[in-house]
Structures are given as structure tokens and as C-alpha cells.
Amino acid sequence: MLKRVLTSALALAGVVTIGLVAATPAYAGTYQTTATALNIRTNAYLSAAVVKVLSGPTSVEVDCQKSGDSVTVGGRTTTWWAHLPAHNGFATVAYLNTPETKLSGVPECDDLEPPAADVTLADVQAMFGSRIANPSIVQTGLPSLNQAMRDANVNTPYRKAAWLATLVHESRLEYNIREIGDTRLYGGRGYIQLTGDFNYGPAGRYFGIDLLGNPDLALSLQWSAPIARWYWTVARNINPYADALDMGRVNAAIGYPAGTEDQRRCDSFKNAIRYLTGSVPSGVKCTRPAKLAGDTTQLTRTQFEALAQP
């Protein structure tokens, strides 16, 4: 506990020490893809699962590379695959606009600093107590949940507190939970309780999976956490609200009408911050602006951000 508090405090103060990771990942390079439909895979192998199909050509950021299966495109053969953190997977270097077979200036993935300390079952139990109703399910899902946090840049105490407080109220941090009593085809599922065809459709297209045809994928171990990350960073852009200690806007971004639930989630946010840093800072905002008091579920990201302006 003391070590975790000290590490968090140093990160908030902007101190860099051995073993700590900067809040924003340092991308090693930006490249253009050359394929019209590029498979992004979970690992550097042709047999690895496709996490999404990336339309292109388009610009991508690469943070590291690793050796894997050999791919030949246009007479160029390479065994190197680029990790695309924004897309949660790997793409062969053969489909990047470079004559190189291995990217110069890009570190190998195994050489990167280890990630910031993962959230453990003991951590979330200390933060949220009896809200962790099924510890074994929570434990099973934590590896994928921690990976989603890394992919979403949920890497500071404030961001972690907002993310975890939100999900513990949405799903009790259970990846496979279905909203109780909700029998709608596109009712709430998974960590973020994805709801509505207006979310299932875009999320499925983003990952290259048929969520509209198979909505239960949203509560699978493979997709529940990535979908939560998609909502947090693509359907909405929630990290800046967490940075500002604005749990009111975080709650509004999740998409339910204002009410007593806002304060409950804000209390959980404070509990998480207290655990992670040792104290609750002044300036936490629990109340959302009047123009965000209604149900914001079906707003586009652009529409929501227009209303969320101070």
C-alpha cells in the first residue's frame, strides 16, 4: 500500500524514476499503411486473432516492433511486425510505406520498460469493498482489463480512479455480466454495459467483428475490456475529464440521466483516489452541468463534446 501511494505521488508530481512509466507513451515513429484493408492481429503471427481491420492507406503510430511470421509483399520479405498501440495489435512491416524490413529507430517490444503496476484484485477490493461481489470473475478478467487500461492510456491515479469507479458501478468489474432484467437485444453487456445498436454497430465495425449479429461477444473475455476501452477513448474522450477531477462530466459521458447515482460514483472515485495516492485532492467535481443532466446516450462524440464545453 505504501509503495503504491509513493509511486502514485511521484507520478503526479512529474518525477521520473527507474521502473516508472511516463503518463503518455513515447511513440517511436509514425508511418503510412499501404493496404486498403489491413489486418491488425493480437500477436506477430499470421495465425493470431484479428482484433480489427484497419481501412487505409492511413497514418499509424508505432511504439515497438517484434519478430514473427514472414510476410512478402511486392517482392519485399520481412519477419518484423509493428505494434500499433492505438489499435491494440500488430501489423506486418510489409504493409508500411518504408523500404526497410526492420524499422530503424524503433525499439523491439521486449526492450521496452515494463508497464506501470497492474491493478490487482486486492486493489479493487480495497477501493470498492462489497461492490466486488464475485472475486473469482473479477480476477479472471483482470489481465484483459489491465491491458485495456494500458491501451486507453489510463495510466495516472486520476484516470485509473475514474475508469475503475465507472466500471465497478456499471458491471461490478465483471467482464461477463448482463444488465439484470434487460432483455433487449442490444441491452447492457460487459464491463461498460454497452447498450443500443448505435453503440454495438460502431464498436463492431471498429474491431472488425459482428456485434450486431452476435451481441453476446460484448460480454466475452476476449472483447469486453477492449469494448470498454473503445467507449472510453473513441465513442467518448473521457481521460481529460478524469484529469480535471470532473466526475460529473465522466458520468455524463457514460450516458445515463443525472440523479443520485452521480454522487455514488463520485464517492467511489474519491475512494479510489484515496487508495492510490493517500488523500483526496480538493476540486473534485461530482455535479454535472445542467446541459448534461439528461440522457446523453445517443449523442455522437462531437455532439457530446459541444455540450460538455465549460
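**Figure 1. Confidence along the predicted chain.** This is a predicted model. Mean pLDDT for the chain is 87. A score of at least 70 is reached by 89% of the residues. Among the elements, α4 has the highest mean pLDDT, 97. Helix α1 (residues 2-12) has the lowest, 36.

Figure 2. Where pLDDT is low, predicted coordinates should not be read in detail.

**Figure 3. Overall make-up of the chain.** The chain holds 10 helices and 7 strands. Of its 310 residues, 49% are buried. Take the contacts between residues at least 6 apart in sequence: 59% of these join residues at least 24 apart.

**Figure 4. Helix α4 crossing helix α9.** Helix α4 spans residues 157-171 and helix α9 spans residues 260-277. Their axes come within 8 Å. They cross at roughly 135°. Therefore α4 counts as oblique to α9. The crossing of the two helices is right-handed.

**Figure 5. Residues in the contact of α4 with α9.** From α4, the contact uses P157, Y158, K160, A161, A162, A165, T166, H169 and E170. From α9 come E261, R264, R265, S268, F269, A272, I273, L276 and T277. By class, the contact has 9 nonpolar, 4 polar and 5 charged residues. The α4 side belongs to the element with the highest mean pLDDT in the chain.

Methods: Residues numbered from 1 in each chain as written. Predicted model: local features only at pLDDT ≥ 70, side-chain atom pairs only at ≥ 80, totals over all residues. Heavy atoms only, no water. Axes fitted to C-alpha atoms, helices over the stretch in contact; angles between N-to-C directions. Helix = DSSP H or I, 4+ residues; strand = E, 2+ residues; numbered from the N terminus. Parallel < 35°, antiparallel > 145°, perpendicular 65-115°, else oblique. Left-handed = near helix turned anticlockwise from the far one by under 90°. Contact = heavy atoms within 4.5 Å. Nonpolar A, V, L, I, M, F, W, Y, C, P; charged D, E, K, R; others polar. pLDDT = per-residue confidence, 0-100. Buried < 20%, exposed > 50% of the residue type's maximum accessible area, 1.4 Å probe, protein only.
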